[in-house]
Amino acid sequence: MVGTINDYAVIVNNVLKTIAPKVSPTVREEYLDFMHKVVDSQRIYSDTGVTGLGMAEIIPDGGVGASDAPIQGFSKNYTQMHFTKKVRLTFQSNFFLFEGSAAKIKGTVKQKVLDGKNAITHAKNYLSQSLLAQGFTTSFTWTPINAVGIATPISTLGADAVEYWSQVHPMEDGGAAWSNVIVDGGTSSPQFTYSSLLAARRQQSLKKDGRSMPLMSQLDTLVVRAGSTSAQYAKTIKGTIDKGLAPQQTNLFNNAPATDTFKIIELSPYENLAMTGLAWGMFDSKMMTEDYGFLYIEALPTRAEPAVVDLLGNQDLVLNFNCLSVMGASDLRGWMWSAGDGSTV
């Protein structure tokens, strides 16, 4: 899209008095609320797991112990992606809108409506949420909201070659598969309730490490969409637990809660490929590291390039904003997730 003077006919009208920017007041890098940031200048970032030792044994006097060694785990490569936002205005539209004493759009408003860095942050936030919401499949096609841009294939495979949210994640030592799909009773991907909170934490407590030893992990952080049904239920349940009460009473006594409180992360309502109002998940914040969970790997932070004028001889003004980074996950053992629809596995 090229902004021509005809696109801004109302704004350049000489009787117009006020130009109001209709943009988000703030755009926050909310993907960093649940992703560990890694700064790495390489185009390809490689993650290969390795386990520790198995449990020790007991031998008789004079006996010889069995030998053991760490097991090489699964590997995943992350390839940097190019996030970009280009702004292009004709000579006249740029002059009458932003330049000279008669400019209709002043400096403070110009900065807001031409903020390519915010545009890139929106893309990262939306992509990070899409990884959560689309993690029951092996891949999906990501398209910017409002379709100003090309479609991009995105993989949602972990290092174990299984989709992010699955009931059949393989173990490094060949033991029983593990699951990070929340199941409450016989219901997969339940809505967020006190019962499903207890179910998610029960499942997490049973997880093993790569040598079938207890993972010793506890879900302490909830991820929901801001303003959603799940977010509202979560605040009610958390508030009740914080008071030392069980959210669901079965008798006339004020029972103590059967589980601990939790932190709530509310993500912006991008919708489309991102989270629905019923989707929710939890993770262990101690496992939000370079070794576990979602990663945001950045080679080049968002920057504004020098303005280009006289492109192809037509004297358009072109502004470019660029970032080189990638998002994904290798090992989601520290997470549990629910689509909230009562069926997705």
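**Salt bridges, core and a helix**

Mentor: Glu298 and Lys124 form a salt bridge, with their closest N and O atoms 4.0 Å apart; the term denotes a side-chain nitrogen of Lys or Arg within 4 Å of a carboxyl oxygen of Asp or Glu. Glu298 belongs to strand 12 and Lys124 to helix 3, so the pair ties together parts that are 174 residues apart in sequence. Helices (H or I, at least four residues) and strands (E, at least two) are DSSP runs, numbered from the N terminus. This is a predicted model, in which local features need pLDDT of at least 70 and side-chain atom pairs count only at pLDDT 80 or more, while totals for chains, interfaces and linings use all residues. Residues are numbered from 1 along each chain as its sequence is written, and side-chain values use heavy atoms, with hydrogens and water left out.

Trainee: Are Glu298 and Lys124 buried or exposed?

Mentor: Buried means under 20% relative accessible area, exposed over 50%, and partly exposed in between (1.4 Å probe, protein chains only). Both Glu298 and Lys124 are buried. They are also linked with Lys37 in a network of salt bridges.

Trainee: How many salt bridges are there by this rule?

Mentor: The count comes to 12. One of them joins Arg225 and Glu271 (4.0 Å, N to O). Arg225 lies in strand 9 and Glu271 in the loop between strand 10 and strand 11, so this pair ties together parts 46 residues apart in sequence. Arg225 is buried, at a relative accessible area of 14%, whereas Glu271 is partly exposed at 41%.

Trainee: Which residues touch the most other members of the largest nonpolar core?

Mentor: In soluble globular proteins, nonpolar side chains tend to be buried together. A nonpolar core is a set of buried Ala, Val, Leu, Ile, Met, Phe, Trp, Tyr and Cys residues joined through side-chain atoms within 4.5 Å. The largest here has 38 residues, and those touching the most other members are Leu131, Leu132, Trp165, Val223, Phe294, Trp335 and Trp337. A second, separate core has 18 residues, including Ile182 and Met336.

Trainee: Which residues of helix 5 are buried?

Mentor: Helix 5 spans residues 229–242, and its buried residues are Ser230, Ala231, Ala234, Ile237 and Ile241. These cover an arc of only 130° around the axis, which puts them on the same side of helix 5; the arc is that of the directions from the helix axis to the C-beta atoms. Just after helix 5, Gly244 takes a positive phi of about 80°.

Conventions:
Expected span 1.5 Å × (residues − 1).
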